Amino acid sequence: TVKPAGVGIYFQEDGDQARVNHLIRGASAERSGLIRQGDLVVSIDGRDMQSKGVDEIRNAIVGAEGSVVSIAFMRTDLSTGVVSQFSVDLVRGSPDHIAAVYGETVQGGGPEGSAFSGAGRDAEVEQLREALARSEQLRL
């Protein structure tokens, strides 16, 4: 069975564009170190996503866990006004799946989810659970 998964980005609509609102700790978007709050989505897998809503962008990103999606972003440096564009390839999957991809040990499991091993991960797992609860409330 193919499990649908995203890359750990929550978006907000800004007029007719979608901006990055929040990154989930441990997910591939956050791990890339490239994506920041406020970045605009330009394209997904080569398809133009400018002027697309959050739902359409989410549907284009979600795919089979373990597969790769390429997302292009645009960023404006507020101090200089310089606009840059960049693209990043991200592995779809839960933070637990991504940890396994990176060869990290994952403990726990069960219907409530699982926790990463290592110091400091309890707060990250709690943050993930809170973000997921918010997204279910907002239907994002």
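What share of the contacts in the protein chain with a separation of 6 or more is accounted for by residues 24 or more positions apart? In this predicted model, such residues account for 52% of those contacts.

**Figure 1. Secondary structure and surface of the protein chain.** The protein chain holds 4 helices and 10 strands. Read from the N terminus, the order of elements is β-β-β-α-β-β-α-β-β-β-α-β-β-α. Of the 140 residues, 35% are buried. The accessible surface amounts to about 8,000 Å², and carbon and sulfur atoms contribute 47% of that area.

**Figure 2. The largest nonpolar core.** This core comprises 21 residues. Ile9, Phe11, Ile35, Ile44, Ile71 and Phe73 are the members with the most contacts inside it. Two or more core residues come from each of β2 (9-14), β3 (17-23), β4 (40-44), α2 (54-61), β7 (68-76) and β8 (83-91). The element that gives the most is α2, with 4 residues. In soluble globular proteins, nonpolar side chains tend to be buried together.

**Figure 3. Surroundings of Ile9.** Leaving aside residues up to four places away in sequence, Ile9 touches Val20, His22, Leu23, Ala29, Ile35, Ile71 and Phe73. Among these neighbours, Ile35, Ile71 and Phe73 are also listed with Ile9 as having the most contacts inside the core.

**Figure 4. Confidence along the protein chain.** The average pLDDT is 79, and 72% of the residues score at least 70. Residues 106-125 have pLDDT below 50, and this stretch makes 24 contacts in the model beyond near neighbours in sequence. For residues 135-140, pLDDT also stays under 50, and the model has 6 contacts beyond four places in sequence. Where pLDDT is low, the predicted coordinates should not be read in detail.

Terms used. Residues numbered from 1 in each chain as written. Predicted model: local features only at pLDDT ≥ 70, side-chain atom pairs only at ≥ 80, totals over all residues. Heavy atoms only, no water. Core = buried A, V, L, I, M, F, W, Y, C linked by side-chain atoms within 4.5 Å. Buried < 20%, exposed > 50% of the residue type's maximum accessible area, 1.4 Å probe, protein only. Contact = heavy atoms within 4.5 Å. Areas by Shrake-Rupley, 256 points an atom, 1.4 Å probe, with all protein chains shown as cover. pLDDT = per-residue confidence, 0-100.
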